[in-house]
Amino acid sequence: MIKIESLRFSVLVVCLIHFTATCIGQDESVGAPMVRAEQEALYNTIQDFVGKWWNGSDLYPDPCGWTPIQGVSCDLYDGFWYVTDLSIGPVQDNSLTCRQDVDFSPNLFALRHLKSLSFFNCFVAPRRRAVSIPAGNWEFLSGSLESLEFRSNPGLTGTVPETFGGLGNLQSLVITENGLIGQLPESIGSLVALRRLNLARNSFTGRVPSSIGGLNRLLILDMSGNALSGTLPVTLGGLTALLKLDLRDNQIEGEIPSEIRNLKNLTLLDLSNNRLSGGLVESIQELGSLQELVLSNNPIGGDIMSIGWQDLNCITAMDLANTSLTGGIPESLTHLKSLRFLGLNDNKLTGDIPSKIATLPNVSAIYLHGNNLTGELDFSELFYRRMGRRFGAWGNPNLCYQAELESPTYAPFGVKLCRPQVIKYEIGLDSSSNFDKNWTHHPASSVPSLEFKVFSVSGLLLLVEAFLVLA
């Protein structure tokens with residue numbers, strides 16, 4: 001009996017050791033300490049941005065453990081907690097909100113394990129002195145920082161620091177809706193690990209940096225809503241991994257570079273609201289993955305028929321409105337079975353509208369107004385009913401539609417009704433000017449010869465009266 005009890009005890013001890021070891025192995029973070037200097041740097045950084053009233057040591061004695069801070073994330077390194085993600089700004093209700101006289105804190109750069117740093121709606125209040133992004137100390141984060149964001153900070157002015165080019169591990173750089181100005185630094189081209197570059201809606205000037213062509217891992221490039229000028233660099237052709245290119249709402253001029261043909265993965269190309277000219281480049285038709293093409297509001301010019309549109313078989317939206325295009329509407333557009341939106345309005349297009357355009361299976365909006373299109377619209381009432389005002393053909397003076405509609409409600413807006421063809425005849429006499437005289441003075445003479453010609457409705461009435469007299 002004693003041996004049996006001893007054996008049971010031994011088994012129990014072994015089981016306890018096994019399960020205890022399993023638990024420890026599954027969650028080694030429980031009870032892990034945070035380096036004192038790291039903790040102090042975090043508290044001081046947040047206090048500098050939020051205000052002196054914020055007392056982290058009392059409110060959050062274990063910021064990476066059982067008292068987490070909203071906007072702060074941590075990871076373990078060699079058994080110690082370090083801050084890896086810091087988000088400053090009112091992203092959520094209990095987020096860290098910046099004080100009115102906020103400035104950049106030097107304590108921020110003591111967080112040497114930061115992977116993600118974000119400032120949202122932080123620098124907003126009017127100030128006597130401008131707040132700008134500091135040029136120094138970014139080298140302390142060069143080995144760790146992968147994402148850097150400045151969103152919706154109208155009080156943030158100045159330029160993008162040249163030293164950003166030293167952030168070699170950066171994969172995402174988002175600087176959007178701020179008050180930043182000046183030219184973009186060429187050092188951006190050194191961020192070879194970059195996957196996303198969003199510099200939209202600031203007040204940047206100057207050219208698109210040519211060095212940007214070296215970012216062959218870049219997936220998203222958005223510089224829209226600035227005051228960029230000059231021509232597009234031919235180095236854009238080096239962005240071979242690019243999925244989205246958005247440069248709308250700038251002052252970019254010149255031709256679209258033919259090197260754009262190298263962007264085989266591109267799904268969005270938006271160059272609208274610029275000053276581009278020189279016609280459509282044929283290399284556009286080589287963008288086989290393109291889904292959205294937006295070039296509207298540019299004086300591009302040239303013949304729309306010069307492009308083999310049928311090759312863009314993935315296209316869902318095409319907006320070429322107000323681009324000074326000439327020529328007729330290409331039949332090749334009717335092969336784009338994925339097309340949902342077609343905007344060709346406010347150009348110089350001529351000729352008839354292809355009837356096959358109504359057979360596009362997915363199209364929901366076609367805008368052709370403001371051109372010089374002619375002929376008769378030969379579409380069914382079902383087409384007009386389905387499209388409504390999303391079929392725009394007004395502003396083409398010599399265009400009309402057929403009257404074979406059950407209800408005028410579905411008639412294309414702003415397009416006149418085609419006049420029905422009236423066959424009219426006239427009585428041709430040997431001497432038409434002497435018809436009345438000869439008929440009056442020789443009532444018994446032979447009847448003048450009748451010759452049928454097309455003329456006015458009044459002539460038709462005269463013909464009827466003549467037959468009545470003869471009867």
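Q: Which residue lies over the face of Phe-413?
A: Arg-389 does, at 3.7 Å from the ring centre. A charge counts as sitting over a ring if NZ of Lys or CZ of Arg is within 6 Å of the ring centre and within 35 degrees of the ring normal. Before we go on, this is a predicted model, where local features need pLDDT of at least 70 and side-chain atom pairs count only at pLDDT 80 or more, while totals for chains, interfaces and linings use all residues. Residues are numbered from 1 along each chain as its sequence is written, and side-chain values use heavy atoms, with hydrogens and water left out.

Q: How many aromatic pairs does the structure hold?
A: There are 20 aromatic pairs. Rings of Phe, Tyr and Trp (its six-membered ring) pair if their centres lie within 6.5 Å; planes under 30 degrees apart count as stacked, over 60 as edge-to-face and the rest as tilted. One of the pairs is Tyr-43 with Trp-54: the ring centres are 6.2 Å apart and the planes stand at 55 degrees, so the pair is tilted.

Q: Where do Tyr-43 and Trp-54 lie?
A: Tyr-43 lies in helix H2 (residues 36–50) and Trp-54 in the loop between H2 and H3, so the pair ties together parts that are 11 residues apart in sequence. For the labels, helices (H or I, at least four residues) and strands (E, at least two) are DSSP runs, numbered from the N terminus.

Q: Are those two buried or exposed?
A: Tyr-43 is buried, and Trp-54 is too. Buried means under 20% relative accessible area, exposed over 50%, and partly exposed in between (1.4 Å probe, protein chains only).

Q: What about Phe-379 and Phe-383, why is that pair tilted?
A: Their ring centres are 4.8 Å apart and their planes are at 50 degrees, so the pair is tilted. Phe-379 is buried, with a relative accessible area of 11%, and Phe-383 is buried as well, at 4%.

Q: Which residues form one aromatic cluster?
A: Phe-49, Phe-104, Phe-119, Phe-123 and Phe-150 form one together.

Q: Switching topic! How many disulfides does the structure hold?
A: It holds 3 disulfides. A disulfide is a covalent bond between the sulfur atoms of two cysteines; here, a pair of cysteine sulfur atoms within 2.5 Å counts as one. Counting bonded cysteines along the chain, the pattern is 1-2, 3-4, 5-6.

Q: What does Cys-64 join to?
A: Cys-64 is joined to Cys-74, with an S to S distance of 1.9 Å. Cys-64 lies in the loop between helix H3 (56–59) and strand E1 (72–77) and Cys-74 in strand E1, so the pair ties together parts that are 10 residues apart in sequence. The torsion about their S-S bond is about -65 degrees, so this disulfide is left-handed.

Q: And which cysteine is joined to Cys-98?
A: That would be Cys-122, with S to S 1.8 Å. The pair links distant parts of the chain, 24 residues apart. The torsion about the S-S bond of Cys-98 and Cys-122 is about -100 degrees, so the disulfide is left-handed. Cys-98 counts as buried at 13% relative accessibility, and Cys-122 counts as buried at 2%.

Q: Is the disulfide of Cys-400 and Cys-418 left-handed or right-handed?
A: Right-handed, because the torsion about the S-S bond of Cys-400 and Cys-418 is about 90 degrees. The sulfur atoms of Cys-400 and Cys-418 are 2.0 Å apart, and both residues are buried.

Q: Okay, strands now. How many residues of strand E7 are buried?
A: In strand E7 (residues 172–178), 6 of the 7 residues are buried, so E7 is largely enclosed by the rest of the structure.

Q: Which strands does E7 pair with?
A: Strand E5 (residues 147–153) pairs with E7 in the parallel sense over 6 bridges. Strand E9 (residues 196–198) is joined to E7 by 3 bridges, and these two also run parallel. Two strands pair if DSSP finds at least two bridges between them.

Q: Last one: what is the order of the open sheet of 3 strands?
A: The order is E18-E20-E22, with parallel pairing. Strand E18 (326–327) and strand E22 (372–373) stand at the edges with a single partner strand each, so one side of each is left without a neighbour in the sheet.
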